[in-house]
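Open the model in your viewer and keep the selection tool at hand. Each stop below names what to select next and what to look for there.

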Amino acid sequence: MEITKEVVKYGNEVLREKCEPVEEVTDELKQTIAEMIDLMHESNGVGLAAPQVGLTLRFFVYDVGDDKGAHALINPKIVNKIGVRWDSEGCLSMPGLYGDVLRADKVVVTGLDENGNKVRMKASGLLSTCIQHETDHLDGVLFIDKADPETLHTGKVPGRDNDSEDEEE
Ligand SMILES: [Zn+2]
């Protein structure tokens with residue numbers, strides 16, 4: 001699987017496609033996941049979804065900076081949502097743009113990890129936001145579709161200023 005060298009930017013229609021389920025976790029997919037994790041880290045992102053590298057498949061990689069490190073979630077399905085909260089979001093496909101999105105506070109998600117093992121996890125905080133943001137990408141939905149328009153603003157692009165508090169997914 002060939003991935004783009006850079007994260008696909010807003011305006012590219014691949015970001016609006018509905019992605020297809022992954023049928024098998026092959027060695028080729030594992031290699032692609034490793035490349036995506038590198039690109040995510042280079043871009044200072046906390047999440048990167050397959051369409052953001054030109055692939056219309058249902059998976060994403062994430063690393064919210066906790067002790068669990070970087071992983072993939074394949075064929076993610078949010079099976080439970082608990083509570084709601086507003087959180088500021090950005091997106092590697094729209095660098096420097098931020099806005100407040102109403103999300104579920106906590107989610108329970110199922111899927112497969114990068115080794116093809118079944119996963120079921122309850123996520124809160126940044127990981128919960130990340131999972132919801134990335135899963136939306138797999139349905140062609142972007143955070144600007146959901147953000148309160150009055151809160152949309154431009155800010156610093158992560159990586160150019162280590163003091164930036166905004167996270168991009
Ligand atoms: Zn995004």
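**Stop 1: leucine 48**

Select leucine 48. Setting aside residues up to four places away in sequence, leucine 48 touches Val7, Met36, Leu39, Met40, Val53, Phe60, Val61 and Leu92; contact here means C-beta atoms, placed from the backbone, within 7 Å. This is a predicted model: local features need pLDDT of at least 70, side-chain atom pairs count only at pLDDT 80 or more, and totals for chains, interfaces and linings use all residues. Numbering starts from 1 along each chain as its sequence is written.

**Stop 2: the core**

Now widen the selection. The largest nonpolar core has 35 residues, and Met36, Leu48, Val53, Phe60 and Val61 touch the most other members. At least two residues of this core come from each of α1 (27-42), β1 (47-49), β2 (59-62), β3 (71-91), β4 (94-112) and α2 (125-137). β4 gives the most, six residues. Such a core is a set of buried Ala, Val, Leu, Ile, Met, Phe, Trp, Tyr and Cys residues joined through C-beta atoms within 7 Å. Buried means 20 or more other C-beta atoms within 10 Å of the residue's own, exposed means 12 or fewer, and partly exposed lies in between, with C-beta atoms placed from the backbone. Helices (H or I, at least four residues) and strands (E, at least two) are DSSP runs, numbered from the N terminus.

**Stop 3: β2 and its partners**

Select β2. Phe59 and Val61 point one way, Phe60 and Tyr62 the other, and all are buried. β1 and β2 pair antiparallel over three bridges; pairing requires at least two DSSP bridges between the strands. Leucine 48 has valine 61 in β2 as its bridge partner. β2 and β3 also run antiparallel, joined by four bridges. There, valine 61 stands opposite alanine 72 in β3.

**Stop 4: α1**

Move to α1. Leu29, Thr32, Ile33, Met36, Leu39 and Met40 are buried in α1. They cover an arc of only 125° around the axis, so they sit on the same side of α1; the arc is taken from the directions from helix axis to C-beta atoms. These buried residues pack against β1, β2 and β3. Asp27, Gln31 and Glu42 are exposed on the other side of α1. Just past α1, asparagine 44 has a positive phi of about 60°.

**Stop 5: threonine 56**

Finish in the loop between β1 and β2, at threonine 56. Threonine 56 counts as partly exposed because it has 13 C-beta neighbours inside 10 Å. Draw a C-alpha distance to lysine 18: 7.1 Å in space, 38 residues apart in sequence.

Notes:
Two residues are in contact if their C-beta atoms, placed from the backbone, lie within 7 Å.
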